[in-house]
Amino acid sequence: MFEIVNKVRLNPGVTMMDIYAPPVARKAQAGQFIILRAEADGERIPLTVAGCDPQRGTVKIIFQIAGGTTLRLDNKNAGDCLPDFVGPLGCPTETDGIKKACVAGGGVGCAIALPVARKLASCGAQVDSVTGFRNKDAVILEREFSACSKKLFVMTDDGSYGKKGLVTAPIKEELESGTRYDRIFAIGPLVMMKAVVETARPYGIPVTVSMNPIMIDGTGMCGGCRLTVGGKTRFACVDGPDFDGYEVDFDEAAARLSAYRDFELAEREKCCNLFKKEIYR
Ligand SMILES: Cc1cc2nc3c(=O)[nH]c(=O)nc-3n(C[C@H](O)[C@H](O)[C@H](O)COP(=O)(O)OP(=O)(O)OC[C@H]3O[C@@H](n4cnc5c(N)ncnc54)[C@H](O)[C@@H]3O)c2cc1C
Ligand code: FES
């Protein structure tokens, strides 16, 4: 069993937890993920390793309450245990040779982007970060990004915090003013990652995107996480989650992600009725 040693609510829909899992904490690197179950009879969901403390043996996860399993997970508190917490899975983010990078995170994608920004900074790269949220209430991890970035642009859709606009706006401004990034890392909703790719394309800047398709086993056996990348079938769990943004078929990925929408909606409604009091207190 894997104990939750700390739980912090970052905004009304996003929760951070530290889980006691020493073998994972010793090995996990930026870009990798774990698969957990919140209940012994529950489904397995993948979450990115947002950080780890090998001394304390803890692994940080940051998750958005999206549906049934994340609702059940959010209903747990420090001292409770998770039956499964398997990892690290996937390939670490490649940062070799990068001297100047832009890291863009959209919404809860910032939880995945932060360890990448930290890894780049710790290797001596200069990092500009761009984070984007719906509004002020959704803003997370500002202090943490600020600590590892030369420049930090916080964007909100409605302008209620930071600057009004999409994450692509400051990236475009930087590129237009002559900033040459060795690579841009874009992590967030598919539409956002695709937009970052199109912003970078005229400048020929490489873009790494982090793909989050539906995963089941996380070990390359089931094919559930397949994507088309550069015209070939790739499995996000073992070949990714990072891929060359110019090669990903985003439209196919979006269609596959919505395949179970009706089932997910039904499950969410069931769980909302169960946990409403705890979640929306
Ligand atoms: C490699 C990877 C890393 C991820 N890291 C994070 C993270 O750090 N923080 C975070 O908030 N979310 C992360 N996600 C997404 C997270 O796994 C889903 O939000 C979660 O599975 C939702 O499950 P649910 O039962 O609560 O919601 P559901 O209602 O079942 O699903 C809500 C949405 O989540 C996605 N989803 C559902 N089941 C899965 C699954 N088994 N695998 C992948 N996506 C699924 C679908 O897009 C779905 O529409 C990651 C996904 C992947 C593949
Ligand atoms: S989750 Fe099964 S092959 Fe990737």
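Reply: Happy to! This is a predicted model, and the secondary structure of its chain comes to nine helices and 17 strands. The radius of gyration is 18 Å, close to the 19 Å that the globule rule gives for 281 residues, so the chain is as compact as a globular protein of that length.

Me: Nice. What box do the C-alpha atoms fill?

Reply: Along the principal axes, roughly 55 × 40 × 40 Å.

Me: And how much of the chain is buried?

Reply: Buried residues account for 47% of the 281. As for contacts with a separation of 6 or more, 65% of those in the chain link residues 24 or more positions apart.

Me: Which domains is the chain divided into?

Reply: There is domain 1, covering 2-89, and domain 2, covering 93-210. Their centres, taken over C-alpha atoms, are separated by 24 Å. Twelve residues from domain 1 and twelve residues from domain 2 take part in the contact.

Me: Which strands supply the domain 1 side of that contact?

Reply: Strand 1 (2-11) and strand 6 (58-64) each give at least two residues to the side that touches domain 2. By class, that side of domain 1 has seven nonpolar residues, five polar ones and no charged ones.

Me: Switching topic: which residues of the largest nonpolar core touch the most other members?

Reply: Those are Val59, Ala104, Ala113, Ile184, Ala186 and Val196, out of 83 residues in that core. Helix 3 (residues 109-122) provides the largest share of the core, with eight residues. Domain 1 (2-89) and domain 2 (93-210) each contribute at least three residues to the core.

Me: What does alanine 113 touch?

Reply: Leaving out residues up to four places away in sequence, alanine 113 touches Val103, Ala104, Gly105, Phe185 and Ile187.

Me: Now, glycine 57. Where is its place?

Reply: Glycine 57 is in the loop between strand 5 (51-53) and strand 6.

Me: Why does glycine 57 count as partly exposed?

Reply: Because it has 17 C-beta neighbours inside 10 Å, while a residue needs 20 or more to be buried and 12 or fewer to be exposed.

Me: Got it. And what does glycine 57 touch?

Reply: Not counting residues up to four places away in sequence, glycine 57 touches Tyr20, Ala21, Pro22 and Ala25.

Me: One last thing: how far apart are glycine 57 and lysine 136?

Reply: They are 79 residues apart in sequence, and their C-alpha atoms are 33 Å apart in space.

How values were computed: Residues numbered from 1 in each chain as written. Chains lettered and ligands numbered in written order. Predicted model: local features only at pLDDT ≥ 70, side-chain atom pairs only at ≥ 80, totals over all residues. Helix = DSSP H or I, 4+ residues; strand = E, 2+ residues; numbered from the N terminus. Rg over C-alpha atoms; globule rule 2.2 N^0.38 Å. Contact = placed C-beta atoms within 7 Å. Domains from an automatic or database assignment. Nonpolar A, V, L, I, M, F, W, Y, C, P; charged D, E, K, R; others polar. Core = buried A, V, L, I, M, F, W, Y, C linked by C-beta atoms within 7 Å.
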